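Here are my notes on the model you sent over.

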Amino acid sequence: MLELQRFLYGSTFLLCISLGSLLFGVVISEIPLGSKLSVGDNTSWVSSSGDFAIGFYSRSDMPNQFSVGIRFNSKSIPVDKHTMVWVAGGDVAVSNNSYLELQMNGELVLFDALQGQEVWSSKTSHLSIAVAFLRNDGNLILLNEKKDVIWQSFDYPTDTLVPGQRLSPFTTLRAASQNDVSSLYSLYMNVSGQLQLRWESSIIYWSTGRPSQSNLSAVLTSDGTVQLVAPTSRPVWSVYGDDHNDTVKFRFLRLDVDGNLRLYSWMDDSQKWRTVWQAVENQCNVFATCDQRGICTFNASGSPVCTCLFRRVIHSYTKCLVSYQHDCKSGSILVEHANMFLYGIYPVNDSISITSLDRCKSTCLSDSSCTAVTYTNDGRAKCRMMTTQYISGYSDPSLSSSSFVKRCSDPIAADPIFPLKSPSQARKESYNICIPCLVGAASGTIFVFVVIQLAMGFYLYKRRNTYKRLASLAYSSPASKCLIMLSFTEIKDLTENFNHQIGPKMFKGTLPNNQSVAIKKLETTIEARKFRAALSKVGSIYHKGLVKLEGYCCELDRRYLVYEYADNGSVEKYIEDSTLAVRLTWRKRMEICLSVGRAIFYLHSGCREFLCHGNLKCENVVLDENLEAKVNEFGLGMLYGETSSNMASAQKDVEDFGKMVLTMVSGFKEANDVLDWAHKEWFEGHPENVVDKRLKDEVHPEELERLLRISFWCLQADERVKPSMGEVVKVLEGSLPVDPPPPPFSCRRSTREEEDSPSFAQSET
């Protein structure tokens, strides 16, 4: 009896241990409300299997910056190979002491300690979230009390898909940013059932071809297959990795920073991730794979490399631009590059014609804006003409294309031709000495010598002062990131004593290299040290949608900023002028909104430090010679000492962007005056009434609906429901659907009524 009792006690003890171990695994995978992860704590939320974990990691391209995401966590994979499969907010980076918290209201929030504000959230505060789980497939899910999935990370992919995760229509994968610059590469699933690799949403350089039906999704299977599946989960298109059906536990599909889509498998024997499939076999066929670093070629080992063939002298800077000058005094020539295909980027506006080789070359030579041409004859003779210095492409011996890059002709030195005399004449003249001639020659020589000495002295004096003045203006290259420091006297010289005003406290100037600049006068009392420190941050920012800061003046109490010049002025000028407004077609207005949205999104999440514009409006959006939009005067809040609590806030930028979009659609400068009317017209089903009457019948209804909806969401009075700029950009790109918005000022009216009623009551007493 005693033995039986001991056996029962032992069995019960072992059962308790087993149940305890099981419950312990559940506790680890469950994330209760109030849970928090912090930078520096080295803690993670781990799935029950231990294969995945979510936590902070250091950004290799951004020192002292951190992101939070889901990574592989299996013990069979070395720590340095724990690849990230999802990042909160895409490329959002935070500073030390920041944290990720599942708040008691059910919202998952990423808080940046440096900015003192939330930079990303799941927007689930009103959805009755009860608990979160990190599942064994790498999916972070938020559940309500009924255990329904309310939010999941699988619905918001960044640059990676794991087995079982679907890429639905209008969903995008975007390659990770590099060196503070957001990537232009994306993988897009359109509504027609095509999976497309795109550069800047306009250039499609790989796709799955014509689909057999619409409303498909892309999915990676556990056996190493990339499929397009119908809503019934029936596959309609498939590609297979090299190790298809092999025993591989971990796989992922990622859009890499070089713009290629690759399938990776973990190899236990070699302890590394191996590429088992890639969408574009020849990396040089990825559009702009070399970006501004020249053209793509292959080295002796067969690896793609970027080579600059446009310059005869290789400089230290990384940009490779066509060096052709439009004002060649000695004429132009075309330098031939056989077996090479070129195309223009920034902007992509190559003109293609069907013509002969000779006509192709002569057309480029006669057109002052042409920088290069590519001639291809693969059955149809095509001439591709480029008008930009930003040219990329690829070269391969198998290519039948020939490219011709324009450059200025070298000046030909002419040797002076002296008349030849016979020896007898020379001897005869040598004996006839003219004394007066010698005296005159000596006097003339002395006079000329004195004049030359004076001229040289004056020249050296002027040269010393000129070089001293131009030292700060010298450019090593157009890609130089150094800010020019100017004196007030130099500012006056550049602007011809402020003779050319182009806007409020804005003047046009010209640098000694004939480059036009815009010079803005600032009214600020910020001390010189803080002024220069702020400008060093603003000046280091480069994005194609932002006006580049070239230099500044900080002398006594004078403060000036020197910007690159935009030939066509501000968007506000085009909106106000009925003649100019005709040039802002519907397509151009869409492009302007998207360019501005991307630029603001870059300021918010692509820079080393979070930066707001703070004063976004049509006046601060300028158009270059190609009517490409650029955002001007960003970061001035730092110069005026403003903090993130007022002007410099992301919500302020989102609201200002909403007003700008409404102005672009309606043509009315003051969006506040037409907001209620515009929302009423849209709500009643007449969005076309909101459109600028100066536009012809060219408005795309779906794009109009998308613009109005996102504008109204940006202008919501409740800041908690406003979208982030990342979401705004995805909506404008068409990769993210947008719900019908409520009236923008409904919350604001009630707030004002509450504020007004007490003051009215006080006046009555």
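1. Start with the open sheet of four strands, which runs E14-E19-E20-E21 with antiparallel pairing. Strands here are DSSP runs (E, at least two residues), as are helices (H or I, at least four), and both are numbered from the N terminus; two strands count as paired if DSSP finds at least two bridges between them. The edges are E14 (166–167) and E21 (235–240), each pairing on one side only. E20 (residues 225–229) meets E21 in the antiparallel sense over five bridges, and if you want one to click on, Gln-227 has Ser-238 in E21 as its bridge partner.

2. A word on what you're looking at: this is a predicted model, where local features need pLDDT of at least 70 and side-chain atom pairs count only at pLDDT 80 or more, while totals for chains, interfaces and linings use all residues. Residues are numbered from 1 along each chain as its sequence is written, and side-chain values use heavy atoms, with hydrogens and water left out.

3. Most residues other than glycine have a negative phi, and most peptide bonds are trans. Tyr-346 and Pro-347 are joined by a cis peptide bond, with omega about -5°; Pro-347 sits in the loop between E28 (340–344) and E29 (351–354). Gln-271 has a positive phi, near 55°, in the loop between E23 (261–267) and E24 (272–278). Leu-627 has a positive phi as well, near 60°, and belongs to the loop between E40 (621–623) and E41 (629–631).

4. The cut-offs are under 20% for buried, over 50% for exposed and in between for partly exposed (1.4 Å probe, protein chains only).

5. On to charges: there are 31 salt bridges in the structure, each defined as a side-chain nitrogen of Lys or Arg within 4 Å of a carboxyl oxygen of Asp or Glu. Lys-123 and Glu-727 form one of them, at 3.7 Å from N to O. That pair links distant parts of the chain, 604 residues apart: Lys-123 is in the loop between E9 (117–121) and E10 (129–134), and Glu-727 is in helix H14 (residues 725–733). Lys-123 is partly exposed at 34%, and Glu-727 is partly exposed at 27%.

6. Glu-572 and Lys-669 make another salt bridge, with the closest N and O atoms 2.9 Å apart. Glu-572 is buried at 17%, while Lys-669 is partly exposed at 44%.

7. For a local example, take Glu-655 and Lys-659, whose side chains meet at 3.7 Å, N to O. Both are in H11, four residues apart, about one turn of the helix. There is also a salt-bridge network linking Arg-174, Glu-200, Lys-544, Arg-598 and Glu-733.

8. Now the rings: the structure has 27 aromatic pairs. Rings of Phe, Tyr and Trp (its six-membered ring) pair if their centres lie within 6.5 Å; planes under 30 degrees apart are stacked, over 60 edge-to-face and the rest tilted. Trp-151 and Tyr-156 are stacked, at 5.7 Å centre to centre and 15° between the planes. Trp-151 is buried at 5%, but Tyr-156 is partly exposed at 44%.

9. Which way do Trp-206 and Trp-277 meet? Their centres are 6.3 Å apart and their planes at 65°, so the pair is edge-to-face. Trp-206 is in strand E18 (residues 203–207) and Trp-277 in E24, so the pair ties together parts 71 residues apart in sequence. Both tryptophans are buried. Elsewhere on your list, check the aromatic cluster of Phe-52, Phe-72, Phe-250, Phe-252, Tyr-264, Trp-266 and Trp-273.
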